[in-house]
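User: I am new to this structure and would be grateful for a close look at one part of it, the packing of its helices. Please set that part in its wider context as well.

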Amino acid sequence: MPSIDDFTRPKEYISPIDDYFGKIVRQWADKEVIPYRQRYDEDWQEHRLIEPAFDKLMGELGLQRVLFPEDLGGWGLGHSHYTASASFRLMEEVARADSGIAVAFGVTFWPLIMICNEPHLNRRLCEEFAPLFCNTNKAVFAANAMTEPQGGADIENMEIIKGSTIETTAVLDGDDWIINGHKLWPTNSGGVCSLFGVVCTTRPGSKDLNDFAFIFVPADRPGVTQGNSYQKAGMAADKNSDVWFDHVRVPKYYRACGPGDDYKYFKEVISFGNLGSIAFVCGAMMNVFEILQNFCNSNLYRGLPVKEHDAVAAVLADLVKDIEIIRIIGYQYARMLDRPELYGPRWSDEIVAKGRAYKYFACDRAVEDLGRVMNLMESGGSDRARDLEKHWRDIKIVQLWMGGKQLCQMETARWFFDCKTL
Ligand SMILES: Cc1cc2nc3c(=O)[nH]c(=O)nc-3n(C[C@H](O)[C@H](O)[C@H](O)COP(=O)(O)OP(=O)(O)OC[C@H]3O[C@@H](n4cnc5c(N)ncnc54)[C@H](O)[C@@H]3O)c2cc1C
């Protein structure tokens with residue numbers, strides 16, 4: 001019988017390490033996560049059960065190092081022709097086991113994109129931060145702190161708002177930045193973060209792109225406070241909290257790329273956020289397929305396996321149709337990010353808008369499919385022991401972040417219809 005490995009991958013252009021990443025993460029998932037994940041919900045504060053799985057994946061297998069240059073202990077993925085497509089496979093395989101782990105793992109790369117990716121590799125900051133991630137067998141987390149109490153969607157709505165609503169300030173004092181502000185929700189906050197990438201403004205209210213700043217802040221600097229974790233509907237492996245920066249002092253060179261370039265390359269961070277979101281959805285749906293295959297073969301209706309009935313077959317077909325399409329879209333978007341000479345820069349409004357469109361398409365399809373699979377499995381859908389309701393809760397969360405569905409729709413319409421005020 002076909003398995004999850006029979007969903008299509010674009011063999012003519014995937015990364016040579018795609019299969020390797022797939023195999024090592026599949027083994028980790030089956031051994032270190034899937035047998036324990038039903039108890040993750042109760043572990044949302046302590047992470048006693050979850051932490052060993054992170055340590056294995058990120059520290060021992062070394063996957064937290066992949067973006068850094070090889071001579072600094074990394075795997076050089078930041079300067080590869082396969083940065084995005086290899087990342088897609090990694091995120092998808094991790095999300096098959098647990099999308100909360102996938103988010104925490106993926107977001108660790110999010111701020112590092114600003115300094116590890118070509119053509120804007122910042123060698124000095126790579127040298128500064130590589131040892132934190134590369135010289136240890138324990139999981140080390142980074143966070144991307146953008147959302148603020150006055151609204152997250154506005155901060156990500158970069159083309160129109162241009163950073164003018166950002167309230168976290170960065171003021172130069174000699175050779176240091178002084179950072180003040182309050183952030184909400186960064187993945188990997190709640191006490192686990194070691195390194196923040198902080199979205200700030202050097203002139204509150206300004207729409208001048210030079211005033212948008214992305215500055216690294218080690219979490220142990222005086223004045224940094226991470227609040228208690230929020231309790232969410234799912235994704236217990238991803239800790240989120242308030243974070244306060246109170247007169248935090250960091251060296252001037254901790255600014256990622258500099259005036260104008262911080263704004264430009266942060267849009268690449270948004271593109272990768274969209275790619276990751278598609279991969280999380282795709283990975284979770286692969287596991288839903290596995291759960292459903294098992295259910296449909298072992299449950300009978302009028303003496304036949306339930307899959308032999310028309311109405312059930314329609315739900316099964318819709319699910320696999322959507323997995324196929326979401327997978328193809330995910331790899332295609334990764335290809336577009338990996339081949340800027342063909343598709344234009346990863347930070348262009350076009351690439352951001354297309355990523356938003358693919359992300360909300362994937363989320364909409366997955367949320368609808370999961371609802372229908374829950375109906376199909378009836379009481380089995382709500383049974384925690386079957387893990388379906390876990391994916392149902394987790395996938396909904398993917399739809400909510402990064403400005404939610406509305407920002408995806410606005411940016412898609414804006415680019416294709418040249419809207420001026422949206
Ligand atoms: C699990 C999880 C992980 C997250 N990880 C991170 C992270 O790593 N870093 C980080 O900084 N944040 C993170 N977030 C926060 C997330 O990105 C924000 O919640 C999101 O961007 C929306 O911001 P908001 O909640 O402030 O809603 P708001 O921006 O206040 O929006 C509220 C509503 O208004 C709508 N809206 C806003 N502006 C417009 C407009 N112009 N036109 C029409 N409708 C509009 C929105 O779509 C939404 O429906 C995370 C959130 C979750 C749930």
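Analyst: Helix α8 (residues 261-298) packs against α9 at an angle of about 150 degrees, and their axes lie 9 Å apart. Here helices are DSSP runs (H or I, at least four residues), numbered from the N terminus, while axes are lines fitted to C-alpha atoms over the stretch in contact, with angles running from 0 to 180 degrees between N-to-C directions. The angle therefore makes α8 roughly antiparallel to α9, a label given to angles over 145 degrees. The crossing of α8 and α9 is left-handed, meaning that the near helix is turned anticlockwise from the far one by less than a right angle. In the contact of α8 with α9, the residues comprise 20 nonpolar, 3 polar and 2 charged. In this grouping Ala, Val, Leu, Ile, Met, Phe, Trp, Tyr, Cys and Pro count as nonpolar, Asp, Glu, Lys and Arg as charged, and the others, Gly among them, as polar.

The model is predicted: local features need pLDDT of at least 70 and side-chain atom pairs count only at pLDDT 80 or more, whereas totals for chains, interfaces and linings use all residues. Residues are numbered from 1 along each chain as its sequence is written, and side-chain values use heavy atoms, with hydrogens and water left out.

Helix α9 (residues 310-338) also packs against helix α11 (residues 349-377), at an angle of about 160 degrees and with axes 10 Å apart. The helices α9 and α11 are therefore roughly antiparallel to each other. Their crossing is left-handed, and the residues of the contact of α9 with α11 divide into 17 nonpolar, 1 polar and 7 charged.

Two backbone details remain. The peptide bond from Glu118 to Pro119 is cis, with omega near 10 degrees, and Pro119 lies in the loop between α4 (99-116) and α5 (123-134). His47, in the loop between α1 (18-33) and α2 (50-60), has a positive phi near 60 degrees. Most residues other than glycine have a negative phi, and most peptide bonds are trans.

Terms used. Helices (H or I, at least four residues) and strands (E, at least two) are DSSP runs, numbered from the N terminus. Angles under 35 degrees count as roughly parallel, over 145 as roughly antiparallel, 65 to 115 as roughly perpendicular and the rest as oblique.
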